[in-house]
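Thank you all for coming; please take a moment to look at the sequence and the structure as they come up. I will then go through them slowly.

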Amino acid sequence: MTDMSRHHATADTQKTDETTEHPVTPGTGGELHQTPSGDTPRMTTAQGAPVSDDQNSLKAGARGPTLMEDFHFREKIFHFDHERIPERVVHARGYGAHGYLEVTEAIPELTCASLFRKKGNKVPAFVRFSTVAGNKGSADLARDVRGFAVKLYTEDGNWDIVGNNIPVFFIQDAMKFPDLIHAAKPEPDRGFPQAQTAHDNFWDFISLMPEAMHMVMWIMSDRAIPRSFRFMEGFGVHTFRFVNAEGKGSFVKFHWKPKLGLQSVTWDEAMKIMGADPDFHRRDLWAAIQAGDFPEWELGVQVFDDAFADALEYDVLDATKLIPEEQCPVRVIGRLVLDRVVDNFFAETEQVAFCTQNIVPGVDFTNDPLLQGRNFSYLDTQTKRLGGPNFTHIPVNAPKCPFHHFQQDGHMAMHGPSGRANYEPNSWAQGGPRADPRQGFQSLAEPMEGEKRRIRPETFADHYSQARQFYLSQTPVEQAHIAAALTFELSKVEVEEIRARVVSHLPHIDKALAQSVAEGLGLGMPEAAKPAKAPIDLPLSDKLSILKNGPDSFGGRKLGLLVTDGADAKLVKALSDAVEAAGGMLEVVAPKVGGVTLSDGSALPAQQKIDGGPSVLYDAVAIIAPAEGVEMLAAMHPAKMFAADAFAHAKFIALSEPAGGLLDAAGVSARDDGVISLDAPADAKGFIKTCGALRYWDRVS
Ligand code: HDE
């Protein structure tokens with residue numbers, strides 16, 4: 001890498017936002033031609049030859065043909081032609097960052113993983129968040145599961161926990177994954193719709209796969225439209241094994257809990273954010289890390305034994321089921337902090353290769369048929385995507401511990417075994433690495449028996465009980481969002497039988513939900529589907545709700561402040577101080593991006609011009625403007641939408657004395673406890689404290 005950094009722009013030069021002055025000399029064709037100066041390196045070809053002119057190809061005469069011998073031109077175009085690699089078949093759109101995992105509680109009694117031997121152990125981590133269905137260029141706010149893939153570079157090798165922000169999955173057996181994904185992705189004849197499940201193929205498949213019903217409740221909930229990666233949970237989904245030094249195994253489920261609490265947006269906001277800022281989530285992560293506001297999650301584990309597993313009403317090998325935290329508490333054993341953005345998106349985020357089979361001594365798989373299938377898929381897909389078996393030579397994928405093996409050659413081999421020995425056993429003095437029966441990876445010595453058959457176990461047959469448990473554990477607002485999402489999605493389905501077939505599953509979850517969706521679709525209530533196993537009532541779990549687990553803090557959240565010339569400087573300052581004190585962020589929105597002149601004559605720069613900064617981009621809004629300013633805003637459609645949307649999306653709104661006029665102009669005559677007057681600077685602190693509730697849900701419930 002040091003060699004390469006001589007030739008490439010360094011991380012520092014890439015990240016600087018300052019411009020530099022280059023001496024400009026006229027090129028032969030009269031174009032601007034920049035020459036090296038100061039710290040600017042001299043441009044070279046990829047082979048290192050210095051380049052004299054990067055504007056003009058080599059020609060026979062000023063107006064003559066381009067010459068084949070122009071190696072700089074040919075190399076430049078050739079490389080450009082090869083810039084793309086296949087995008088991930090799922091999870092194509094994603095965003096990654098570096099950080100670390102620190103162990104906060106040693107658990108040697110549970111696992112011999114070296115990482116968990118001592119409190120305070122710290123290993124580097126790379127995390128990539130993603131959506132599933134959309135392509136690389138799709139919008140961040142699509143209704144979808146979010147990938148939450150974590151690579152831990154431990155001293156015993158790389159450990160990948162390739163999870164999601166939803167703790168269950170659609171299907172029980174990996175055999176159905178290609179069908180699920182084909183059904184969710186754009187329909188094959190027409191190539192649309194992009195990044196959404198609101199179409200016939202998806203719901204046709206779902207309606208015929210009742211095992212998906214639990215996951216359907218989650219993806220129709222606000223979990224599928226998170227406010228930011230920073231405010232979502234992560235789950236390993238499958239049941240894994242911990243294995244301790246005595247070879248004793250226990251079951252384990254992995255959880256990531258965001259320090260800033262959970263938060264989602266509403267569907268109407270999601271749709272508008274997709275237009276206003278399709279990069280909303282990646283921009284948020286980048287900005288938070290660059291501001292030193294490092295996102296953090298707790299690593300928690302649910303650990304249990306065979307007796308606990310056997311006593312459950314369902315099978316812990318079934319990935320469509322979870323274990324409620326009330327039944328098996330999450331024990332926090334570490335913290336994950338993301339503190340560094342990537343130097344290069346392609347080299348790191350695009351080329352990172354997560355593999356579920358990357359585990360370390362002390363961790364093991366279970367027989368979950370979905371996990372077993374994934375263990376084949378990830379290695380296979382990386383070979384296709386990254387062009388060969390040497391993807392572990394790419395820095396983001398390479399272990400950071402010493403590694404020695406006899407694998408060699410292949411495309412793009414960066415290193416190989418040195419010396420004569422490239423096989424084992426051998427009798428050479430420098431004979432290379434040897435397996436270590438004591439320290440090497442040991443699988444849990446789990447007894448196996450049974451007939452060789454293609455079969456789904458009986459213990460996987462209950463498809464509705466946990467869907468019901470999830471739905472009934474939500475607040476009324478959240479339940480209403482699930483009903484609205486189902487109605488929205490099924491309204492995009494053209495074939496009525498498919499809509500009806502989906503609705504026929506809902507009475508097993510909740511009769512009122514089924515009724516509400518049927519009514520929303522203008523559909524008579526269809527006969528209920530015949531369940532493989534009759535659902536039962538399970539205890540409710542508050543931990544399954546987002547709103548019951550809100551942060552009660554504005555920390556990490558963003559206030560949109562709409563101002564005009566003449567806005568009260570003292571109010572603006574008080575508000576800005578209150579946001580800062582709460583650990584939040586403030587973005588100024590104004591009629592012009594150049595900003596405004598405040599009442600005391602000082603200049604306040606804006607980050608957004610009003611039509612580029614709609615209120616959907618903010619967690620709460622404030623409008624501070626004098627009477628003339630309000631009059632001006634009232635005549636501007638984006639300003640009226642700013643106010644009307646903030647109100648419709650149940651946001652807290654602070655208004656300086658005449659600013660209520662903008663709400664009136666936007667057709668919002670109602671006022672409630674979520675609309676707060678900002679009469680004096682002293683009111684600012686109280687407003688931001690109130691914003692800790694994130695939304696004034698009473699307005700819409
Ligand atoms: Fe994946 N999945 N998956 N998946 N998955 C991929 O690997 C697959 C499943 C998940 O940021 C692919 O590198 C199969 C569950 C994440 O790079 C591929 C099955 C969960 C990511 C693949 C599943 C996930 C992937 C595509 C059913 C949550 C993105 C590109 C048996 C626990 C990782 C790639 C990143 C990516 C296969 C089901 C999470 C094709 C066969 C369940 C977060 O290998």
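This is a predicted model: local features need pLDDT of at least 70, side-chain atom pairs count only at pLDDT 80 or more; totals for chains, interfaces and linings use all residues.

Residues are numbered from 1 along each chain as its sequence is written, and side-chain values use heavy atoms, with hydrogens and water left out.

Let us start with the ligand. Around the ligand there are 23 residues, and the closest of them are Arg88, Arg128, Arg374, Tyr378 and Gln382; a residue is counted here if one of its heavy atoms lies within 4 Å of the molecule. Which elements supply at least two residues each of this shell? They are strand S5 (146-154), strand S6 (157-164) and helix H11 (369-386), where helices (H or I, at least four residues) and strands (E, at least two) are DSSP runs, numbered from the N terminus. The largest share, six residues, comes from H11.

By class, the shell holds twelve nonpolar, eight polar and three charged residues. In this scheme Ala, Val, Leu, Ile, Met, Phe, Trp, Tyr, Cys and Pro count as nonpolar, Asp, Glu, Lys and Arg as charged, and the others, Gly among them, as polar.

Now to single atoms. An oxygen atom of the ligand is 2.7 Å from an N or O atom in the side chain of Arg88, and for the side chain of Arg128 there is likewise a ligand oxygen atom 2.7 Å from an N or O atom. With Arg374, it is a nitrogen atom of the ligand that is 3.4 Å from an N or O atom of the side chain.

The next topic is cavities. On a 1 Å grid over the protein atoms alone, a cavity is a set of points where a 1.4 Å probe fits but cannot get out, and lining residues have an atom within 4 Å of a point. Grid points are joined across faces, edges and corners, and a volume is the space filled by probe spheres set on the points.

Strand S9 (residues 249-258) gives the most to the lining of the largest cavity, namely three residues, and the lining as a whole divides into nine nonpolar, four polar and six charged residues. The second largest cavity has a volume of about 80 Å³, and its lining includes Asn165, Asp222 and Ile546.

As for domains, the protein is divided into domain 1 (18-52), domain 2 (94-393), domain 3 (463-547) and domain 4 (552-699), with bounds that come from an automatic or database domain assignment. The lining of the largest cavity draws at least three residues from each of domain 2 and domain 3.

Finally, the backbone. The peptide bond from Phe192 to Pro193 is cis, with omega near 5°, and Pro193 sits in the loop between helix H4 (177-184) and helix H5 (200-207).

Definitions and conventions: A polar contact is a pair of N or O atoms within 3.5 Å; within protein, one must be able to donate a hydrogen and the other to accept it, and residues adjacent in sequence count only if both atoms are side-chain atoms. On a 1 Å grid over the protein atoms alone, a cavity is a set of points where a 1.4 Å probe fits but cannot get out, and a pocket is an open set with protein on both sides within 12 Å along at least five of seven lines; lining residues have an atom within 4 Å of a point.
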